[in-house]
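I opened this model to look up a helix, a strand residue and a surface patch. My notes follow.

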Amino acid sequence: MRDRMQQSPLQPTGTATRRGCSRWLFVLAALACAPLMAVAQTAPASVDSATQDPDRPRTCLVLGGGGARGAAHIGVLKVLERERVPIDCIVGTSMGAVVGGLYASGYTADEIEAVLDRIDWAEVLRDKPPRDERSMRRKEDDLRLLGGVEVGLSNGKIAFPQGLIQGQKLEMLLRRLLLPTWQVRDFDHLPIPFRAIATDIVSGEKVVFAQGDLALAIRASMSVPGVFAPVRYEDHLLVDGGVVDNVPIDEARRLGAQRLIVSRVGSPLMTEAQLDSPLAISHQMASVLMQREVLAQLATLGPQDLLITPPLGDMGSQDFNRSPQAVGVGEQAAQAEVAAVRRFQVDDTRYAAFQRQHRPPAYETPIVAFIDVLRDKTRTARYIEQRLQPEVGQPLAPDRVEQKVATAYGEGRYQQVQWRLEERDGQQGLVLAPQDKRWGPDFLHFALRLSDDFDGSSNYQLITELTRTGLSEQGAELKLRLGLGEVEEAFAEYYRPFGSSGRHALSTYAKYRATDLDLALMRGGALAEFRYSQWLGGLRWAYSPHPDWEIALFGERGRERLRLDVGNPTELGNYRADMGSVGWQLRHDSIDSSAFPSRGQRVSLTRQHYLDALGTDNSAAVTRGQWDGAWAHGHNRWLGGLRASSAHGGDDLLATYGFLGGLGNLSGYPEESIFAPQTALARVVYYRRVAHADSLLTIPLYVGGSVEWGGFWQRREDVSLDGMQTAGSVFVGADTFLGPVFLGYGRAQGGHDSFYLTFGSLLRTLDGF
């Protein structure tokens, strides 16, 4: 054989793929998670042979792509192990690269299956880290915006990501699983020699990973165009290897294979009844052409080779939650071919020798001697350094590193934050490669809220928020927000972290809010409707010692105004008051979801003083406290809550009032229809997921109800248990991309009841007007 290429870990293998690839890339991008077939054959590439038993033919395992269907490869491996079949080399594409890469690294079939069973694929394939791993600032953004749509602004133009999923969590998972191989750069030096197949989306060429970063190679191999963002590696922009070689038999032969075991898991062609849309027709048209190329590859198999095709039926490539089922199907398919499998069998002694070699490389936890943040693709390298610097001098703790990387990624300005171990001058350290979103650095977020009580009252709220990021190396940003609908809002804020650790931040802000108020509940007379408006400017200092904690001091200056729109002007007039205040706030938030939480606590305590010396017309003070706690058992979830707001002095200062009303917030009353100087609420909410979670495309659906006990009073001396009233609700909720949506019915003591159709969260903020 010719000497193997050493100049690059990537081996472009020919240019014959360009015509077929470029012709159909636009179709492939529309196929979402559809399985991809090979479209071309390529010229040979030379490679060294690995050490093996010279008394038997070299056996290579070929694992094809197919998304979630690729879990069937694990079942095939289980039978090969049971029948004592040693493997001398592995070539994989897409999901085949994942299973093949783990097996080549020393994992057994049972260990890979155990890994698969523990993976929450819906979470792994969602880019955002869990809410409880984000910074306090991003947790508040999450609660305020609740889903919606984000687009980028780059050079003054609307820009979009190159894939629906950036693959941050997937790469983090692969890197953790493959940590014992971090020093292996040549894939021939793995316990089993390995190749991963990817596609250069720019040139259309097949790219074979023979050396380099194993986790990144596998991640590139399964980057389905249009679904996963392409992977940038050296001078290549890489997508799923299935575009050009979904069953890479030719690459196995280049590894010197004399016998092949091929596991093919691609989806079959659709039936005529399934061709019911333009997208389906486009999918089928591409699949027909690709399948012809795959069949040409399979036609090269000889009598010494074995092809196993697990009958996976209608299982889709996106159905990762059905992966355990696919493992069983793969095992059954291989067992059905057991007579042919035994042609590859060796005796106990020889298989024991294979097993001794087939173990992960020896791994000793290194001491982190340095942190190196690459700066060529980010404006905020200093922010990453400050988060990871405490790891220097400590034994590598992947959990800690991943959590800090996840918190940084959760800031929302990075396309990816990659990390890897590297050795320099005999010392081991962490190299981090943050990459700013290519469709940034500015972002527009759109959110829509709708509500209806089925009694003639409906509202909407459209929120548009512009965020300019990367204004300093520590992550300064500018926010501009505009709200239209039930609440008119304009908000501007400049936020700048500072200090050696970056955990301090100063923000200066200005905001305007206006909404209509119905005073019937607080007045014994005729119905009155007012237009309330508020202007504020402020300065805020915050310190966050941990992503779950924040303490803040703030000062504000502004004005509120109340204008009578409906009512008797002789009894109720207009009102205006100047306000100047200082205050402090302590917050803790470890809630895992703002939609339907299952764990964590959320605590907030705020004290605000409105002072004559700062321009307040009538001095006042308000204290607001809140606790929410979530827990789960199986499919059952509970959310407990306590909240109270108490104001004294300046009774006419509406900024000190608290709100009640709405689903789960003294159900039975219209949304935020109760506002008073003194409010209190205790509640327990129960909900259970009822939609089957057998596909990543399933929208989480819940049913539940609440029991509440609350009250509202004008003065502190009026507060009493006798003034509390009971309430409750039942509801159906869904967690959609626009945020949580609820359809429910609530009833409160005294005959107050209401139906609800609303976008919003079961969690509430304690902010006043």
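Strands here are DSSP runs of E, at least two residues long, numbered from the N terminus. The model is predicted, and I read it as such.

Entry 1, the strand residue. I looked up D516 and found it in strand β21, which spans residues 504-518. I then asked which residues D516 contacts once neighbours within four places in sequence are left aside. They are F530, R531 and D565. With R531 there is a side-chain to side-chain polar contact of 3.2 Å. I also checked D516 against L564: the two are 48 residues apart in sequence, and their C-alpha atoms lie 9.8 Å apart.

I turned to α8, residues 214-221. Is α8 mostly covered or mostly uncovered? It is mostly covered, with eight of its eight residues buried. Buried here means under 20% relative accessible area. The buried residues include L214, L216 and I218, and also R219 and S221. At the start of α8 I noted D213: one of its side-chain oxygens comes to within 3.2 Å of the backbone nitrogen of A215.

I listed the members of a nonpolar patch: F454, V690, L701, V703, V732, L743, F755 and L757. Together they have about 640 Å² of accessible area. Which strands each supply at least two residues of the patch? I found β31 (701-713) and β34 (752-759). F454 I traced to a loop, the one between β17 (442-452) and β18 (458-468).

Note on methods. Residues numbered from 1 in each chain as written. Predicted model: local features only at pLDDT ≥ 70, side-chain atom pairs only at ≥ 80, totals over all residues. Heavy atoms only, no water. Buried < 20%, exposed > 50% of the residue type's maximum accessible area, 1.4 Å probe, protein only. Helix = DSSP H or I, 4+ residues; strand = E, 2+ residues; numbered from the N terminus. Polar contact = N/O pair within 3.5 Å; in protein donor to acceptor, adjacent residues only side chain to side chain. Contact = heavy atoms within 4.5 Å. Patch = residues over 30% accessible without salt bridge, like charges linked within 9 Å, V, L, I, M, F, W, Y side chains within 5 Å. Areas by Shrake-Rupley, 256 points an atom, 1.4 Å probe, with all protein chains shown as cover. Salt bridge = Lys/Arg side-chain N within 4 Å of Asp/Glu carboxyl O.
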